[in-house]
Amino acid sequence: DVKEKGDSKILRALARTAAVNAAVIATAVTGGSAGAVGLLTGGAITAKRLGDGVDNEDGREVVKSVAVFGAGTGASVVGQAVAGALMIGVAGGTIPGGGGGALR
């Protein structure tokens, strides 16, 4: 049934998103580099999907896996840049470490 197949694909996509979000949250809570963990987790999921697509000679799956990873990573980078700009501009935050000296 087409509806059941579509529902299953949506549920798998939600599970993958939840896995990446859980890894990011767990890392952020423990003071780690959440962005790097999100990138690595998403990369691992993409690598599996990309490998499956290549093994099965499924060009559509190859393109989809790369497009989804690229879009997700791009959105994450933009979101982090916007949040950083808001923190620096609106909240008066500073950049930690050596790079902050030029902005003080």
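**View 1. Helix 1 and the positive surface patch.** In this predicted model, helix 1, which spans residues 2-29, gives the most to the positive patch, with three residues. The patch itself is a surface feature formed by Lys5, Lys9, Arg12 and Arg60.

**View 2. Arg12, a member of the positive patch.** Arg12 is found in helix 1. Its relative accessibility is 44%, so Arg12 counts as partly exposed, because that class lies between the limits of 20% for buried and 50% for exposed.

**View 3. Ala44 in helix 2.** Helix 2 covers residues 34-55, and Ala44 is found in this helix. With a relative accessibility of 49%, Ala44 counts as partly exposed; a residue would need over 50% to be classed as exposed. Ala44 and Val20 are 24 residues apart along the chain, and their C-alpha atoms are separated by 10.0 Å.

View 4. When residues up to four places away in sequence are not counted, Thr46 touches Ser65 and Phe69.

Key. Residues numbered from 1 in each chain as written. Predicted model: local features only at pLDDT ≥ 70, side-chain atom pairs only at ≥ 80, totals over all residues. Heavy atoms only, no water. Patch = residues over 30% accessible without salt bridge, like charges linked within 9 Å, V, L, I, M, F, W, Y side chains within 5 Å. Areas by Shrake-Rupley, 256 points an atom, 1.4 Å probe, with all protein chains shown as cover. Salt bridge = Lys/Arg side-chain N within 4 Å of Asp/Glu carboxyl O. Lys, Arg positive; Asp, Glu negative; His and termini not counted. Charge placed at Lys NZ, Arg CZ, Asp CG, Glu CD. Helix = DSSP H or I, 4+ residues; strand = E, 2+ residues; numbered from the N terminus. Buried < 20%, exposed > 50% of the residue type's maximum accessible area, 1.4 Å probe, protein only. Contact = heavy atoms within 4.5 Å.
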